[in-house]
Amino acid sequence: MEAVCVALWRARGKGHERERLAALAGEASADAAVAMEAAQLATLEVPAPEGGELAPPPAPPDLTAAAFFDVDNTMMMGASIFHFARGLAARKYFTTSDLAGFAWQQVKFRIGGREDKQGMQSSREQALSFVAGRTVDEMVAVGEEIYDELMSDKIWSGTRALAQMHLDAGQRVWLVTATPVELAAIIARRLGLTGALGTVAESVDGVYTGRLVGDLLHGRAKAHAVRALAAREGLNLRRCTAYSDSQNDVPMLSVVGTAVAVNPDSGLREVARGRGWEIRDFRTGRKAAKIGVPSVLGAGAVAGAVAAGIAYRRRVA
């Protein structure tokens, strides 16, 4: 009995620590999103009044409603961090064997339709370790190039239209993703969205340390981030909408007034049906056959090609 009590106490302690890190990640992400939005607004050029000073940009007409979109398999086909890793590998930031690990995680994600938390955390922490010692400015510049090369043609047009619907209604739109916040911000800006909540990698004097601030922005951390951003921006969460494909995002979907399952995995589809949430699936019919299957095979081909290359190098070594 004593052993059981000790085990329960330890489990409870770990649970509290995970919640603390999730809350810290959410707060850090909200702070980064607000700072990035302010910096972006500061660079907008608007007609100057007669006095010669720049007029402030117009405020959105609907200040208390917003939309929040997950990225991987919701806004974008596949995993954004995998596309980013491919781009980094092409630029010799890490080895082909490292890319094989990323590819295998992508294969499991695309075939299974669900994120593996342990594998996802390992992949993203690997990505962060590769940028340790690099400057934030360098990674942003590289991220811009990689978006053009590997991501811009992988945006789901249906999800993009949903985001535009909110923008046209005068609402702000944020991405919410476990991908590093700088990359998430690039995706958001290229899509004309307000900004992004993402995993915050620690940096000192503009140089990455290779450590996270809190935890990955995943699961409950996304819900913390949305709440924190709502508090900073004066949003009424009951008037907000969230979109995701993953059961892991049920905490985020549950904190807003309207939840929509987009390209849902089996777990989220079941939850959505049980709670009466709207379901949008852009993978169905001929489009799924045209886009979804090659995505799986493409990821597998990458993994296979890399594995073959590694094997060949070992034979000739």
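Modeller: A residue counts as buried when its relative accessible area is under 20%. The model is predicted, and the values below are computed from it. His83 has a relative accessibility of 4%, so His83 is buried by that cut-off. His83 belongs to helix H2, residues 80-90. Leaving aside residues up to four places away in sequence, His83 touches Met76, Met77, Gly78, Ile146, Leu150, Met151 and Lys154.

One of these partners, Met151, also takes part in the contact between H5 and H7. Helix H5 covers residues 136-151 and helix H7 covers residues 181-190; their axes come within 9 Å and cross at roughly 50 degrees. H5 and H7 are therefore oblique to each other. Their crossing is right-handed. On the H5 side the contact uses Val136, Val140, Gly143, Glu144, Tyr147, Asp148 and Met151, and on the H7 side Glu182, Leu183, Ile186, Ile187, Arg189 and Arg190. Sorted by class, this contact has seven nonpolar residues, one polar residue and five charged residues.

H7 is mostly covered, with eight of its ten residues buried. The buried set is Val181, Glu182, Leu183, Ala184, Ala185, Ile186, Ile187 and Ala188. Just after H7, Gly192 has a positive phi of about 75 degrees.

Now the charged pairs. The count of salt bridges comes to 19. Lys222 pairs with Asp249, their closest N and O atoms being 3.1 Å apart. Lys222 is in helix H8 and Asp249 in the loop between E6 and helix H9 (250-254), so this pair links distant parts of the chain, 27 residues apart. Lys222 and Asp249 are both buried.

Another salt bridge joins Asp62 and Arg239, with 2.9 Å between the closest N and O atoms. Asp62 sits in the loop between H1 and strand E1 (66-69), and Arg239 in the loop between helix H8 (220-233) and strand E6 (241-244), so the pair ties together parts that are 177 residues apart in sequence. Asp62 is buried at 15% relative accessibility, whereas Arg239 is partly exposed at 40%.

A local case is the salt bridge of Glu17 with Arg20, at 2.9 Å from N to O. Both lie in helix H1 (residues 2-42), three residues apart, about one turn of the helix. Glu17 is partly exposed at 35% relative accessible area, and Arg20 is partly exposed at 45%.

Definitions and conventions
Residues numbered from 1 in each chain as written. Predicted model: local features only at pLDDT ≥ 70, side-chain atom pairs only at ≥ 80, totals over all residues. Heavy atoms only, no water. Axes fitted to C-alpha atoms, helices over the stretch in contact; angles between N-to-C directions. Helix = DSSP H or I, 4+ residues; strand = E, 2+ residues; numbered from the N terminus. Parallel < 35°, antiparallel > 145°, perpendicular 65-115°, else oblique. Left-handed = near helix turned anticlockwise from the far one by under 90°. Contact = heavy atoms within 4.5 Å. Nonpolar A, V, L, I, M, F, W, Y, C, P; charged D, E, K, R; others polar. Buried < 20%, exposed > 50% of the residue type's maximum accessible area, 1.4 Å probe, protein only. Salt bridge = Lys/Arg side-chain N within 4 Å of Asp/Glu carboxyl O.
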